[in-house]
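Hi everyone, thanks for coming. Let me put the structure up on the screen, and then we can walk through it together.

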Amino acid sequence: MNMTQLPIIKDVYGFLGPDLMACVTGLLLILMFVPLNSAFLVWVERKVAGHIQLRPGPMEVGPHGILQSLIDAVKLMCKEMITPDLADKYLFWIAPCTVVIPAIVCFVVIPFSPIMQVRELNVGILLIFAFSSISGLSILMGGWASNNKYSLIGAVRAVAQSIAYEIPLLLSTMSVIIMSNSLKMSEIVAAQSPVWNFVWQPVAAIIFIICTTAETNRAPFDLVEAESELVSGFHTEYTGMRDALFFMAEYTAMFIGSSMAVVLFFGGWYGPFFSGIFWFVLKAYLLVFVTVWIRWTFPRLRFDQLMNFAWKVLIPISLLNLLVTAIVIKVL
Amino acid sequence: MNTSYGFKEYVKDIFTGSKSLVIGMGVTLKRLFQPIVTVQYPRQKPIMTPHFRGHIEAILFDDNKSHHCVACGLCARTCPSHVIKVQGEKTKAGDKKYGKKYFIDFTKCSLCGLCVDVCPEKTLKFSNEYELAFFSRWDGVMDLMQRLEERK
């Protein structure tokens, strides 16, 4: 669309230039995709969980229960939103609002295909890491503001966990960035057109997947909302749509983590016969399936095991991996 | 983790740990493709084992195409919950008595099975009926002879 032909719009939105259309459509697509995606992922999760335990999962609403999570969303919207009496009213209200920000912002830079990217940034990877940290902040806010011991313990655990696991996450990303010499998502994907980074960096890829699982607070690292000890962790006091927003953020973070892994290690949109978006979405959902599969396989870690695993195993290995990568790149 | 811990053990731990994780993933993946065992109840009916103990039922014998109940009342007397009521009938004087009506109030039955054990004619058994929820207390009262007639 040529913006110069519309002088009034140009006066008002001129600073956006031809980006306006891309911006509006992109944001609309993201805002549509995020809730539908998380509804779909909840269904996938329940189905996979069911079949792993030899039961069918949701079967009643729609064919094979595919509309179950949409109906659940309607139910959650109709529910009363309770604020505890001694809770910090404002923080309690803000926490679920901020938790969806990373879920929406991170989609802006994800390259679904060479043309399907809302905004190309020179520091796309950095933007995703920076904004995902907000979810840790909002978990802390929610847990603190609830004025509930279980919520507070859950929130404290979340912060300790994300500090521990962000280091190996960034270190394993770093070894890919050294290889492709760019922080731009599309250039990282373009750098793996003959061979995926997974071939060169299997250790970094595995560490990355483990760390995204921990960052999104999913089992076996779900100490933040460990049902058997902390009722349901930081969102114990949340009801209705606020609780649903935390859920939506969790499942979207899962998808974003998988898309990041696809971009960094599994060749992004590259694949034979079909168009880029098909391959990207297929790979991302396969990785999401792997996370779900991990959740329904392994029991929850104890907190000292969780910390030991991060500090004593993941960080040394990822440092070593980074060192070896740097030396090999320098020598070759 | 132990603090007195050599480098060798550390590396070995990582490898054995990774191996066991992969084995665990394999187990669940195999499970994922096995057939599910859930019975979608109202649409599919489960098949009960022959040893399932539902309420008692009169056995249909082949020799006289009916039950062998002689209305002796031993079951009614031995029943700890006083659930059973038997009515016999004779067609003419000097004839053998045979069971005409056999009422049980299943709502009070404790499924102890004493009636089945005590029956001298061995004409009682446990049914395979498992849908035993009623809307009224009177729905729990059933006539075994009438049920036998319906089964014929």
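Let's start with Phe280(A): at a relative accessible area of 0%, this residue is buried, where buried means under 20% relative accessible area, exposed over 50%, and partly exposed in between, using a 1.4 Å probe and protein chains only. Before I go on, a word on conventions: this is a predicted model, so local features need pLDDT of at least 70 and side-chain atom pairs count only at pLDDT 80 or more, while totals for chains, interfaces and linings use all residues. Residues are numbered from 1 along each chain as its sequence is written, chains are lettered from A and ligands numbered from 1 in the order in which they are written, and side-chain values use heavy atoms, with hydrogens and water left out.

Now, how many aromatic pairs does the structure hold over all chains? There are 21 of them, counting rings of Phe, Tyr and Trp (its six-membered ring) whose centres lie within 6.5 Å, with planes under 30 degrees apart called stacked, over 60 edge-to-face and the rest tilted. One of these is Phe112(A) with Phe280(A), an edge-to-face pair at 5.3 Å centre to centre and 70° between the planes. Phe112(A) sits in the loop between α4 (89–105) and α5 (124–145) of chain A, and Phe280(A) in helix α12 (residues 276–295) of chain A, so the pair ties together parts that are 168 residues apart in sequence. Helices here are DSSP runs (H or I, at least four residues), as are strands (E, at least two), numbered from the N terminus. Phe112(A) is also buried, at 12% relative accessible area.

Compare that with Phe221(A) and Phe309(A): their ring centres are 6.4 Å apart and their planes at 15°, so this pair is stacked. It links distant parts of the chain, with Phe221(A) in the loop between α9 (202–215) and α10 (227–230) of chain A and Phe309(A) in helix α13 (residues 303–331) of chain A, 88 residues apart. Phe221(A) is buried at 6%, whereas Phe309(A) is partly exposed at 24%. There is also a cluster linked by ring pairs, and its members include Trp43(A), Phe255(A) and Tyr285(A).

On to a helix. Helix α11 (residues 240–265) of chain A has 26 residues and reaches 38 Å from first C-alpha to last, close to the expected 38 Å, which is 1.5 Å times one less than its number of residues. Of the 26 residues in α11(A), 23 are buried. After α11(A) comes Gly267(A), with a positive phi near 75°.

What about the interface? Contact, meaning heavy atoms within 4.5 Å, joins 19 residues of chain A and 17 of chain B. The two chains bury about 1,700 Å² between them, 70% of it on carbon and sulfur atoms; that is the accessible area (1.4 Å probe) the two parts lose on being put together, summed over both. Leu54(A), Trp293(A) and Phe298(A) supply 35% of the area chain A buries against chain B, more than any other three residues. A salt bridge (a side-chain nitrogen of Lys or Arg within 4 Å of a carboxyl oxygen of Asp or Glu) joins Glu60(A) and Arg43(B) at 2.9 Å, N to O.

Finally, the cysteines. The whole structure has zero disulfides, a disulfide being a pair of cysteine sulfur atoms within 2.5 Å. For Cys112(B), the closest cysteine sulfur is in Cys115(B), 6.0 Å away, too far for a bond.
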